[in-house]
Amino acid sequence: MKYSFLIVATLALCSCGGVSPEEEGARMLSEARAALQAKDYNAARDTIMSLRKRFPTAIEARKQGILLLDSVELFAAEDSLAKADSAEWERLDVKAKFFRRKLQEDFKR
């Protein structure tokens, strides 16, 4: 009996936070978008990966995170193309084409 009261009390305290996983996920997506806009691709990737790890039940935020991560990869590849040598340029060009195509397919759904 004493343990069930502790469990109920713990659950009640945890649920009083008021911020849902979706809301927290949306906040993290905003951070990732700001990092992408600032061309801080590593920070954008890290924020999205953290969102996925910390909030596995934030389904809508995770879906948007997948698209955003693809955009991060696309923009990073395109930025790197400008300063790449020929061998590296080919690899990055293939990568950019892949993510362009992937985003096109994702937006069809």
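Mentor: Read from the N terminus, the elements of the protein chain run α-α-α-α-α. That gives five helices and zero strands. Bear in mind that the model is predicted. The protein chain has 109 residues, and 29% of them are buried. Its exposed surface comes to about 7700 Å², with carbon and sulfur atoms supplying 61% of that area. Among contacts between residues at least 6 apart in sequence, 60% join residues at least 24 apart.

The part to look at closely is the pairing of α4 and α5. Two packed helices are described by the angle between their axes and the distance between the axes. Helix α4 covers residues 59-81, and helix α5 covers residues 86-108. Their axes come within 9 Å and cross at roughly 150°. An angle over 145 degrees counts as roughly antiparallel, and α4 and α5 are therefore roughly antiparallel to each other. The crossing of α4 and α5 is left-handed.

Which residues meet across this pair? On the α4 side they include Ile66, Leu67, Asp70, Glu73, Leu74 and Ala77. On the α5 side they include Trp89, Leu92, Lys95, Ala96, Phe99 and Leu103.

Is Glu73 buried or exposed? Its relative accessibility is 14%, and the limit for buried is under 20%, so Glu73 counts as buried. Apart from neighbours within four places in sequence, Glu73 is in contact with Arg45, Lys95 and Phe99. Of these, Lys95 and Phe99 are listed among the α5 residues that meet α4.

The structure holds one aromatic pair, and Phe98 and Phe99 form it. Their ring centres are 5.0 Å apart, with 80° between the planes. Planes over 60 degrees apart count as edge-to-face, so this pair is edge-to-face. Phe99 has a relative accessible area of 12%, and because that is under the 20% limit, Phe99 is buried.

At 28% relative accessibility, Ser20 counts as partly exposed. The C-alpha atoms of Ser20 and Thr57 are separated by 9.7 Å, although the two residues are 37 residues apart along the chain.

Methods: Residues numbered from 1 in each chain as written. Predicted model: local features only at pLDDT ≥ 70, side-chain atom pairs only at ≥ 80, totals over all residues. Heavy atoms only, no water. Phe/Tyr/Trp six-rings, centres within 6.5 Å; stacked < 30°, edge-to-face > 60°. Buried < 20%, exposed > 50% of the residue type's maximum accessible area, 1.4 Å probe, protein only. Helix = DSSP H or I, 4+ residues; strand = E, 2+ residues; numbered from the N terminus. Contact = heavy atoms within 4.5 Å. Areas by Shrake-Rupley, 256 points an atom, 1.4 Å probe, with all protein chains shown as cover. Axes fitted to C-alpha atoms, helices over the stretch in contact; angles between N-to-C directions. Parallel < 35°, antiparallel > 145°, perpendicular 65-115°, else oblique. Left-handed = near helix turned anticlockwise from the far one by under 90°.
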